[in-house]
Amino acid sequence: MGAISRGSDALPAVEPFSAEPQPHMGGAIEGKPLGFGSAGYVVLSYALAARVLRDSRFRNAALDLMEQFGITAGPVHEFRARSVLMAEGPQHMRLRAPLARFMGPNTVETIRDVLRDILGDIMHGMSGQVPFHTAVADPIPARIYCHLAGAPTSDAPKVASLSARTLSLLSRDRSLAPMILAAYDELFDYLRNLFARKKADGLGSDMLSFLIKEQEAGKLSPEELLNEATAMLEASSVNTSHQIGLTVWALLRNRDIWSRIRNDASLIPAAVVEATRLFPRPGIVSRIATESIDLDGTVIPQGTDVHVAIWSANRDPERFERPGEFDLHRERNQPLTFSTGAHGCLGQSLARVEMEEVVRYLATHYPNSVVVDDATEVAQVGGRWLVKSLAVDLRK
Ligand code: HEM
């Protein structure tokens, strides 16, 4: 981290990666939208968070995080350095456009039927107490990735595991570095094999076939093809499965909201957005200042870490009235769970549709389900909301 600006000592102390639940509920602290702690600056208010996330002078900190794990060279470092996450300007558009083609809201709508089939397949015959996170929330996004990528359904457990292992970087536990490196190697091998199998079987209209055709047409280099496919696979599953679990947990425990959803399925999209606002899986989105930047009177020196606390912005009372309440009728409810700006999550429409269909399936087939609190552990750790275990008593 670079030098600390004058004035940082006048900012409230915030430790965004603390293992303890955050004591602060949300928004500015004593009128200050910016905090400071051992990890650098912490953005607390919604307005400042949206500004920082939309400002290209703050670049993604994902590569630096990898370097903090000791991964400073080699194929994994190369992948991250050249990935869509780190690219800016025209190069970013060039890498994002072929992926965005498969992730637009209209394209994603067509996946609802696939999701209903997958849910029917996974949940058929289930009743009574089930480990919902491992049995339902975990397999769904990986099955959808396989559908989009044109990979066999039998690959789904591998996809889920690769996404979870590679993105465990975000836990900031450096002892995991060897496991993470091995997971990326396995992921690269898996994709190279899949490309070869798809070419041998004949390319189709799926996302990976499209990327392979782009490479064959000279629009992507072989490295870019692998990077694009890797970025989508790592992002495809683990965050979505946790966010599915968090949403189900939040809705089933709020019996008033649950009974309103059961009686009126048109409320489901609003309920999903509100659950992701209150319990965002990505607690922090980290950036680095590429130049010296004045943020509301505090000068952030070039090279300094700025952590956007999504959990705080999403409960900012200046932006959301009664921020702690679950409200199905908020106007312009736009939490920052999927970030915003040029790098905003490419898979957000897809992830929302996945959550909506899980909730719809439960409300239709298991309307009297309840969370079994004794066998459930949901926590906020290092700013991130995560499901350690979620037991649901499935009742018709
Ligand atoms: C609930 C599930 C998900 C959450 C909470 C989530 C959240 C995020 C966040 C916070 C970012 C960082 C944006 C930034 O740096 O400003 C991001 C980026 C991204 N996400 Fe997601 N994501 C989810 C699911 C998905 C899915 C299902 C996919 C694809 C299948 C996906 C693909 C991506 C990609 C490719 C990026 C990089 C975009 C870019 O840099 O231009 N995400 N996501």
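This is a predicted model: local features need pLDDT of at least 70, side-chain atom pairs count only at pLDDT 80 or more; totals for chains, interfaces and linings use all residues.

Visitor: What makes Cys 345 a donor to the iron atom of the ligand?

Guide: Its SG is 2.3 Å away from the iron.

Visitor: Where does Cys 345 sit in the fold?

Guide: Cys 345 is in the loop between α16 (310-313) and α17 (348-365).

Visitor: Which residues lie nearest the centre of the largest pocket?

Guide: Arg 192, Pro 222, Glu 223, Leu 226 and Asn 227 do. They belong to a lining of 14 residues. The volume of this pocket is about 260 Å³.

Visitor: Which helix gives the largest share of that lining?

Guide: α12 does, with five residues. The elements α3 (75-81), α10 (177-201) and α12 (222-236) each supply at least two.

Visitor: How do the lining residues of the largest pocket divide by class?

Guide: Seven are nonpolar, two polar and five charged. Pro and Leu count as nonpolar, so Pro 222 and Leu 226 fall in that class.

Visitor: What lines the second largest pocket?

Guide: Its lining has 14 residues, with Ala 164, Val 238, His 242, Arg 281 and Arg 384 nearest the centre. α9 (156-166), α13 (238-253) and β11 (384-389) each supply at least two residues. By class, five are nonpolar, five polar and four charged. The volume is about 220 Å³.

Visitor: Why is α6 called oblique to α17?

Guide: The axes of α6 (residues 112-123) and α17 cross at roughly 50 degrees and come within 10 Å. Roughly parallel needs under 35 degrees and roughly perpendicular needs 65 to 115, so α6 is oblique to α17. α6 passes α17 in a right-handed crossing.

Visitor: And why is α8 called roughly perpendicular to α9?

Guide: α8 (residues 139-149) packs against α9 at about 110 degrees, with the axes 8 Å apart. The range for roughly perpendicular is 65 to 115 degrees, so α8 qualifies against α9.

Visitor: Which hand does the crossing of α8 and α9 have?

Guide: α8 passes α9 in a right-handed crossing.

Conventions
Residues are numbered from 1 along each chain as its sequence is written. Side-chain values use heavy atoms; hydrogens and water are left out. Donors are N, O and S atoms within 2.8 Å of the metal (3.2 Å for Na, K and Ca); water is not among the atoms, so sites may look incomplete. Helices (H or I, at least four residues) and strands (E, at least two) are DSSP runs, numbered from the N terminus. On a 1 Å grid over the protein atoms alone, a cavity is a set of points where a 1.4 Å probe fits but cannot get out, and a pocket is an open set with protein on both sides within 12 Å along at least five of seven lines; lining residues have an atom within 4 Å of a point. Grid points are joined across faces, edges and corners, and a volume is the space filled by probe spheres set on the points. Axes are lines fitted to C-alpha atoms, for helices over the stretch in contact, and angles run from 0 to 180 degrees between N-to-C directions. Angles under 35 degrees count as roughly parallel, over 145 as roughly antiparallel, 65 to 115 as roughly perpendicular and the rest as oblique. A crossing is left-handed if the near helix is turned anticlockwise from the far one by less than a right angle, and right-handed if clockwise.
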